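User: I want to learn how to read a structure, one feature after another. Please give me the general idea each time, then the case at hand.

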Amino acid sequence: MRVDVISLFPEFLAQSAALGVVGRAQERGLLELHGWNPRDYAEGNYRRVDDRPFGGGPGMVMLIEPLRAALAAARAADPQPAPLIYLSPQGRPLSQAKVRELAALPRMILLCGRYEGVDERFIASEVDEEISIGDYVLSGGELGAAVIIDAVTRLQEGALNDAESAVQDSFEGDGLLDCPHYSHPASHALGNVPEVLRSGNHAAIARWRRQQSLLRTALRRPDLLDEAGLGKADRKLLAEAVAGLEI
Ligand SMILES: c1cc(-c2cnc[nH]2)ccn1
């Protein structure tokens with residue numbers, strides 16, 4: 001997969017992408033990352049990439065022309081078509097379903113805004129999709145781009161080793177929150193590991209873990225539970241766990 005990133009701080013992404021799964025995916029030829037800095041295409045002595053907003057108000061707005069030139073350079077660098085995705089608080093919330101959709105693409109171009117954002121005419125003319133990574137304001141879209149790059153890279157065939165794939169599957173598989181995890185020591189001042197996990201009874205362990213995932217999801221993210229479409233056995237397992245809660 002090829003990912004082009006339009007950003008005033010390409011070094012930010014280069015550093016974050018050099019590590020871990022994303023760094024390894026690049027070494028394995030599973031991912032190609034290219035940065036495009038609008039400042040390299042800005043005209044004039046000051047190479048302006050932003051200016052004050054019409055109508056007044058705080059902050060600065062990223063200008064159309066440097067963005068158009070950076071986008072044109074990115075598109076000219078590879079014949080593969082690619083959607084332009086703008087990371088912004090006004091975007092649709094990122095979900096694992098959207099990550100799966102993006103991971104299936106051969107290429108995408110991520111636009112990272114700074115300041116107050118991007119001139120609306122560029123968005124209306126060139127942006128295919130706006131995506132938000134959460135309802136909070138960041139200093140720019142680069143962290144959102146890094147999140148998307150990490151999440152889609154993990155879905156590239158061959159990017160994860162067996163242990164990492166198991167972790168991915170355990171979360172991604174059924175849309176529920178993960179169960180609690182424990183390791184040594186079995187007994188500690190902070191508490192003891194649940195007996196079932198030390199029983200060696202794999203059926204009982206799987207049942208306990210499923211029940212804990214269901215209970216956690218019901219308590220913390222009931223919205224995910226609704227989407228999961230539980231079957232009769234899961235609803236029974238959850239009801240048993242809820243009945244056992246000490247309220
Ligand atoms: C994606 C981008 C942003 C953001 C971009 N610039 C300021 N905040 C916030 C949330 N998700």
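User: Which residues does alanine 228 touch, not counting residues up to four places away in sequence?

Analyst: Contact means heavy atoms within 4.5 Å. On that basis, alanine 228 touches Asp174 and Leu176, with residues up to four places away in sequence not counted. This is a predicted model: local features need pLDDT of at least 70, side-chain atom pairs count only at pLDDT 80 or more, and totals for chains, interfaces and linings use all residues. Residues are numbered from 1 along each chain as its sequence is written, and side-chain values use heavy atoms, with hydrogens and water left out.

User: Where is alanine 228 found, and is it buried or exposed, or partly exposed?

Analyst: Helices (H or I, at least four residues) and strands (E, at least two) are DSSP runs, numbered from the N terminus. Alanine 228 is in helix H9, residues 222–228. For exposure, buried means under 20% relative accessible area, exposed over 50%, and partly exposed in between (1.4 Å probe, protein chains only). Alanine 228 has 27% relative accessibility, so it counts as partly exposed. Its C-alpha is 10.0 Å from that of leucine 214, 14 residues apart in sequence.

User: What about aspartate 119: buried or exposed?

Analyst: Aspartate 119 counts as buried because its relative accessibility is 15%. It sits in the loop between strand S6 (107–112) and helix H5 (120–126). It touches Val61, Met62 and Ile64, leaving out residues up to four places away in sequence.

User: How do I read a sheet? What is the order of the strands in the open sheet?

Analyst: Strands of a sheet pair through backbone hydrogen bonds, either parallel or antiparallel. Two strands pair if DSSP finds at least two bridges between them. Here, five strands form an open sheet in the order S2-S1-S6-S5-S7, with parallel pairing. S2 (32–36) and S7 (129–132) are at the edges with a single partner strand each, so one side of each has no neighbour in the sheet.

User: How many bridges join S5 to S7, and how many join S5 to S6?

Analyst: Five bridges join S5 (residues 84–93) to S7, and four join S5 to S6. Follow isoleucine 85: its bridge partner in S7 is glutamate 129, and it stands opposite leucine 110 in S6. Leucine 87 has isoleucine 131 as its bridge partner in S7.

User: Which residues of helix H2 are buried?

Analyst: An α-helix has 3.6 residues a turn, so residues three or four places apart point the same way. In H2 (residues 20–27), the buried residues are Val21, Val22, Gly23 and Ala25. Glycine 29 follows H2 with a positive phi, near 75 degrees.

User: Last, the whole protein. How many helices and strands are there?

Analyst: The protein has 10 helices and nine strands. The radius of gyration is taken over C-alpha atoms; the globule rule is 2.2 Å times the number of residues to the power 0.38. The protein's value is 23 Å, well over the 18 Å from the rule for 247 residues, so it is more spread out than a compact globule. Buried residues make up 39% of the 247.
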